[in-house]
Amino acid sequence: MDAVTAAPPPPSPAGAPAFSYLAVFSNCPLVAAVLSFAIAQSIKVFTTWYKENRWDAKQLIGSGGMPSSHSATVTALAVAVGMQEGFASSLFATAAVFASVVMYDAFGVRLHAGKQAEVLNQIVYELPSEHPLAETRPLRELLGHTPPQVFAGGVLGFAVATFTAMIAGLGS
C-alpha cells in the first residue's frame with residue numbers, strides 16, 4: 001500500500017481522551033517552568049527600577065539580572081517532575097542533572113563571558129577614531145548571573161513548582 005491509499009489511523013480506544021491543545025495546561029512541570037520563567041523575568045523589571053530608578057521593559061526578554069530566570073525555570077521543571085513522577089524516578093534524575101548544568105553555566109561560563117565582553121567594549125571604546133574597529137557595535141555585557149542571582153532563581157523555581165503542584169493536586 002502506498003502513502004496515498006493508506007488506511008486512516010485506527011480510532012482512539014473507547015474512553016481515551018481526544019486530542020486537545022488545552023491539555024498542555026494540565027502538564028504541571030511545563031506550567032511550573034513557564035510560570036517561573038515569566039515571574040522571574042517580571043521581577044527583573046522591578047529590581048531594575050529599584051536599583052536604577054528607571055523602568056526597563058527590555059528586562060522582560062533580556063538575560064542576566066536578579067533573579068536568574070534560567071535557574072527558576074529549570075528548578076521548577078525538576079521539582080515539578082519530581083513531585084509528579086517521584087523523586088526516585090529516572091525522569092527526575094534527568095531533570096535535576098539538566099538543572100544543575102544550566103545553573104552552573106549561568107554563573108560560570110556565561111558570567112565570565114559577560115565580564116570579557118565588558119573588557120573588550122572598554123578596549124574598543126579607547127581606540128582612536130581612525131581605527132577600523134572603533135565603530136564596532138558594543139558586545140552585550142549582561143549575559144550571566146552571580147551566585148546570589150542563581151540561588152534566588154532556584155528558590156523562586158522551587159516555590160512556584162511547589163505551589164503549582166499543590167494546585168494540580170500532586171503529592172496528595
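What share of the contacts in the protein chain with a separation of 6 or more comes from residues 24 or more positions apart? It's 69%, where a contact means heavy atoms within 4.5 Å.

Before we go on, a word about what you're looking at. This is a predicted model, in which local features need pLDDT of at least 70, side-chain atom pairs count only at pLDDT 80 or more, and totals for chains, interfaces and linings use all residues. Residues are numbered from 1 along each chain as its sequence is written, and side-chain values use heavy atoms, with hydrogens and water left out. As for pLDDT, that's the predictor's confidence in each residue, from 0 to 100. The protein chain averages 79, and 73% of its residues reach 70 or more. Helix α2 (residues 69-85) has the highest confidence, with a mean of 95, while helix α4 (residues 109-125) has the lowest, at 71.

Now for the layout. The protein chain has five helices and zero strands; these are DSSP runs numbered from the N terminus (H or I, at least four residues, for helices; E, at least two, for strands). An unreviewed UniProt entry lists residues 18-39, 87-107 and 150-170 under "transmembrane region"; such annotations may be inferred rather than shown by experiment, and the positions follow the numbering used here, with feature names shortened. Take residues 87-107: that segment is 86% helix and 0% strand, and its end C-alpha atoms sit 26 Å apart.

Let's look inside. Some of them form nonpolar cores, which are sets of buried Ala, Val, Leu, Ile, Met, Phe, Trp, Tyr and Cys residues joined through side-chain atoms within 4.5 Å. The largest has ten residues, including V74, A78, F92 and V150. Helices α2 and α3 (90-107) each supply at least two of its residues, and α3 gives the largest share, six. Apart from this core lies another, of seven residues, among them C28 and A165.

F92 is buried, at 18% relative accessibility, whereas F87 is partly exposed, at 49%.

Key. Buried means under 20% relative accessible area, exposed over 50%, partly exposed in between (1.4 Å probe, protein chains only).
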